[in-house]
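Hi,

Here is the structure I said I would pass on.

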Amino acid sequence: MGKLRIGIVGCGGIANGKHLPALSRQSERVELVAFCDLILERAEKAAKEYGAPGAKVMLDYHEMMADPSIDVVHVCTPNRSHCEITVAALEAGKHVMCEKPMAKTVADAQKMLDAAKKSGKKLTIGYQNRFRPDSRLMKRYVERGDLGEIYYSKAHAIRRRAVPTWGVFLNEYEQGGGPLIDIGTHALDLTLWMMDNYKPKAVLGTTFKKLGDQTETGNAFGDWDPKKFTVEDSAFGLVTMENGATIVLESSWALNTLDVREAQTTLCGTLGGADMVDGLRINKVDLGYQTTILPNLQAGGVAFFEGGQAMSEAELECKLWIDSILEDTDPIVRPEQAFVVTQILEAIYTSAKTGEAVYF
C-alpha cells in the first residue's frame, strides 16, 4: 500500500511542538496532505513547512472529513472540541490520534469510544509520557513482577509557578479545568498504565484557586492575567480501586512547594517499589538488606533506535501509532484506558464541587 495520508486539525502549539515534527520523521510511510485551523495563516504556515506538494489548507474541518483520500486525522485542538472532531473523523472512516485528555467530559469521551467501536477505525490519545525511557523501563520491571502487587501509588503533576499564559489554558469553557485536566491527566495515565488497573471504585477530590488572583507571580511564563484565570490552580484526588489499591493524585500549575515533579508516578508493591526521581529508582529488599537500583538510562537499551539516532518520546509515540495502523494492531494507548482517566478526572472535579465522594 502507499503512504498513509494524514490531516491535521489545529495547527497551534501542540501540533508544531509535537505532532508535525514527529510525523516528519515518518516521511517514508506518511504524507501530510491537509491542514485545518481557525486561523488560516497558521494552517498555511504548517502546510508550507511540513506539507506534501499540493497539501490543502482549510478553515473548516468538515472539508477534511469529506475527503475520502485522507486516512488518518490528528486532532490538536482545545479540549472542548476533541469529541466533535474525533467523532466526525471516525464516522468518515478515518483513524484518529487525539491529543490528551480524551475529552472535556465523560459523556464526550463515551461518544468517542462508541464512534470508534462502530466505525472499526483506530483511536488513540496523545499520552506521550508512556514512551519515555524511564517509563518504558519501569513498565518492564512491573511486568516482570519485580514490584509484586502494586497496592499504593502517587501520580505527580506538580509545578511551583509555571502557569501556561498562552492559548486557552486558563479558560474553563474551552479546557474543562486547569492543571488537573492539563498535566494531572498525564500523571494519572502513567500510574494506571503501570498498575494495569482500570477499575476505580471511589474518588474524593479537592480543587483550589488560592494563587490565581495574585499579580506579581514569579511565573515561569510571565505574569498571568487574574481576570482570565477561570480554572483551579491546584487539584488533588484520592482514588480507591475495586481491588483496594489506592492512588493519590496531585496536580498544580502554581503551588508554594519545592517538591516539583511532573508527569511522574511512584509505585509501592509487595515485593518492591519504584519512582522517577532523577531518572528511575527501584527499591527492594535483597538478601535481607534494603537495596536501591539506579538504572543508567543514558546507556540505551530501552529507547528506540533507528539509524543510530534515539527517538524522542513524541517520535516513538508517532512511530508506534503508525505501526498499529499499518500492521492492524491495537495502539499502545487504547481509548478504553483513556476513558477511565477522564472518568477519574471528572470525578475529582465533581467531588470538589459537592464535597462528597463519587462512587462508580
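One stretch to treat separately is residues 302–308, where the pLDDT is below 50. Beyond near neighbours in sequence, that stretch has 15 contacts in the model, a contact being heavy atoms within 4.5 Å.

Two housekeeping points. Because the model is predicted, local features need pLDDT of at least 70 and side-chain atom pairs count only at pLDDT 80 or more, while totals for chains, interfaces and linings use all residues. Residues are numbered from 1 along each chain as its sequence is written, and side-chain values use heavy atoms, with hydrogens and water left out.

Now the overall picture. The chain has 10 helices and 17 strands; these are DSSP runs numbered from the N terminus, helices being H or I of at least four residues and strands E of at least two. Its radius of gyration is 21 Å, close to the 21 Å that the globule rule gives for 360 residues, so the chain is as compact as a globular protein of that length. (The radius is taken over C-alpha atoms, and the rule is 2.2 Å times the number of residues to the power 0.38.) Of the 360 residues, 53% count as buried, meaning under 20% relative accessible area with a 1.4 Å probe, protein chains only.

The part I'd look at next is an open sheet of 9 strands with mixed pairing, in the order E14-E13-E12-E11-E7-E10-E9-E8-E17. Two strands pair if DSSP finds at least two bridges between them. At the edges are E14 (289–293) and E17 (358–359), each pairing on one side only. Helix H6 (residues 133–144) packs on this sheet, touching E7, E11, E12, E13 and E14. The direction of H6 makes about 15° with that of E11, using lines fitted to C-alpha atoms (for helices over the stretch in contact) and angles from 0 to 180 degrees between N-to-C directions.

Within the sheet, E7 (150–158) and E11 (261–269) run antiparallel, joined by 8 bridges; Ile-158 sits opposite Arg-261.

Cheers

Methods: pLDDT is the predictor's confidence in each residue, from 0 to 100. Buried means under 20% relative accessible area, exposed over 50%, partly exposed in between (1.4 Å probe, protein chains only).
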